[in-house]
Amino acid sequence: MLTRRQGAARWAALLATSAVSLALATPALAQAPAADPLEEPALDEEGYEVDELVVTAARQVAPRGSVVGEAEPEITLDQREIRALGVSSVAELLTALEPQLASGRGRGGGRPIMLVNGMRISSFSEIRDLPPETIVRTEILPEEVALRYGYRADQRVVNFVLRRRFRALTLEGGVTLPTEGGRSTVDANANTLQIQGDTRTQFDVKAGRTTALLEDERDVVRTDGQDGALRTLLPANRSLALNGVIARPLGDGVAASLNGRVEFTESDARLGPSGDPFLASSELDALRRLTDNREAHVGVAVNGAVSGWRWSFTGNADRTSSRTLTETAFDEETGAFRTPNIARSTVTSADAEVLVNGTLFDLPAGPVNAAFTVGADTLNLESETRRQDLFRSADLDRQSGRAQVNFDAPIASRRRGPIGSLGDLSVNFNAEVRHLSDFGTLTTIGGGITWSPIEAVRIIASITDEDGAPTIQQLGNPEIVTENVRVFDFVTGETVEVTRLEGGNPNLLADNRRVIKLGLTLRPFEETDFVFRADYTRTRIEDEIASFPAITPEIEAAFDDRIDRDAEGRLTRVDVRPVNFDRHERDELRWGFNYSRPLRNTRPPPFAPQRAAAPGGAQTGGAQTGGAAAEGRPAPGEGQRAGGGERQGRGAGFGPGGFGGRRGNFAGGNLQFAAFHTWRLKDEILIRPGVPVLDLLDGSTLGSGSATPKHQLDVQAGVSRNGLGARLNARWQQGGTVQSGLGGSGLTFSDLTTFNLRLFADLGLQPMAREHTWMRGARVSLNVDNLLDERVSVRDAAGATPINYQPDLIDPLGRTVRVSFRKIFLPIRAVPPPGERRPAT
């Protein structure tokens, strides 16, 4: 066991090592990486190297970095479309694509499965800080593709195909302010990255600081007369994150990556008056909660191939420590403060998996592919709680092993076999066995059918039956007691301040989840990037593991031991540790479309790479003055490769990324529109036998935030041209009514419509950049979230707003404005005239 001094020394050593790594990595930008002297780079209008698809005279080879098997992406974004989003990292890219990535099959809140160049990675940490400029193509694939990589089919798959050569230093800083004031966030980020084939080196540093938002800085009405300066609506936060990745080829087609990350976060919240008469009306009178979290992560991934089979190994080790100190109220009897409550927890985990996938044998319609996965993991949770004279500790361990198999077999194919008239038809079978040291053996079994009667239509049907154990945190998190927590009591119809107990519940059971999915994907227009998608999901869960719900008559009847009231029936204490529900049934239909169209820029960029004039008057790679290039078509012989292949981009007349391909016609803009509608057809919960069923779509509720929306609509619209871009994301959620009982009144929640606006300008593409070369690679962004400053309106039967549902309590921030500046430093590369070889560097 490390002492506190030894632990501090270890963290200091990690920080020092990370700082030295960044210092050593940055000067490397002064030299260009070794490049193939025979390969002339394709450049876009800012000088970025453009990746290309090779098409031979005989057949089109699968694009570089594609996933295994014949999986067709639901949506594919090229460089032009990614740049039009105006994001700064892969993490922001996923946030921007949230409507396209949503899935109704997971356990909620799950991140999509991530692949890089069609291969597994150790964890999301390995790619979350990658600049979007490094991405050639982003593919969004259905959940069933996850099975081929050893994962469960409960989240969509995102495959990022990276450039073969890239090197840059990226700096970014931003300030976020709510328009109502009272809180500010300042953040900064530095990222250095080098890519040369399978070699990748990256280091990223992020730091941020957010001030607290107090009740007296918002229009909050209190009935107890307490000073709003003694309670925070949102705590103050400080954070620092360091992330590094090293990827190298090991020879014989084997490549490996190593990822390390450390994060530090601190928060400071005020919980109300302490009761000390000597500190009354002073900021020192506030009870405080101080939280300190530290995380460390190491991940490794190795990918290779042997005898036509792909294999991969992934391993991760994580350690998370947390310390929470909560001050307690002044004791008038002793004339002193009570001993503060202290909760500590440390979670240490490690996992390793091996995946092998390839072709078992051939059928008339095609190859039968299989994936075999074995893995093991271990997890330890140490926690302790000191609450006045009570001390509790827990030391929980969990070891598990798993084995999973997946088979994909083609039944019919339009291109081969005797029954090609059926189109493409394939079946899937998968099974998993997982043994947990504290829960025994859990199983998952599933299967599905994929049918594409014509190229523009694809239908997927699947079923999964899965056992799931509670997390070790749900079982053994330390107990934390918080006083003066506002809770709306649906039984009495009033808002009260209670003592809340949270932590783990060692008596939780494993759940069983059965999911049926029917999916339809349409591409009705061959020459138009328009995709329509519809998914129907039916979920049945037994012994569901859930957070403790809102206090309603049904909940109190089922969990009367979790709720305390005084002699007058006023709520005084709530135990919100997780519970098991007997059964949960949910049906959902989600449908929508995504449309994208390239737009030609109307002027050449100031820093277009210039080449010697080619025959016909075209200046390749730069401004085009005549001949074939001036008409937007390639000059004779252009785009050809030795061996009869040629380079092609996505969409007629546009090279990779929409920047004119190898010679560039400045077609770098994009128009995009998407809309997705979620329709919850059924959402019912049976808490315990003998208790009425809760219909969450008809008056019942689990959380105290709002009624469950029956309908939700997500809309995206974006346009970019000449380095200027605008994106608008809108979400509408239907309101509803939550019924109450025992004399209490029901609550009516209004609809909620929010708009988020992003405006950005790539300064390096503006005419003024000719006189200001520092603008090359620079971008200014303005983000306005909750543009109309909308909040849910809550009313009781009398038309009044309950204290706990005041607008500034539901959404303390409201409209926020963020201004950021980003600068990417790229090496200057000399471009030779056509026909000349670039000298090796």
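The accessible surface of the chain comes to about 37,500 Å², and carbon and sulfur atoms account for 56% of that area. Please keep in mind that this is a predicted model. Turning from the surface to the interior, buried residues make up 50% of the 841 residues in the chain.

What about secondary structure? The chain holds 8 helices and 41 strands. How far apart in sequence are the residues that touch? Taking contacts between residues at least 6 apart in sequence, 70% join residues at least 24 apart.

Now for the backbone. Most residues other than glycine have a negative phi. Asp789 is not a glycine either, and its phi is positive at about 55°.

Where do these two residues sit? Asp543 is part of strand S27, which covers residues 529-546. Asp789 lies in the loop that runs between strand S39 (778-785) and strand S40 (794-795).

| Residue | Relative accessible area |
|---|---|
| Asp543 | 28% |
| Asp789 | 21% |

Buried means under 20% relative accessible area and exposed means over 50%. Asp543, at 28%, is therefore partly exposed. Asp789, at 21%, is partly exposed because its value falls between those cut-offs.

How values were computed:
Residues numbered from 1 in each chain as written. Predicted model: local features only at pLDDT ≥ 70, side-chain atom pairs only at ≥ 80, totals over all residues. Heavy atoms only, no water. Helix = DSSP H or I, 4+ residues; strand = E, 2+ residues; numbered from the N terminus. Buried < 20%, exposed > 50% of the residue type's maximum accessible area, 1.4 Å probe, protein only. Contact = heavy atoms within 4.5 Å. Areas by Shrake-Rupley, 256 points an atom, 1.4 Å probe, with all protein chains shown as cover.
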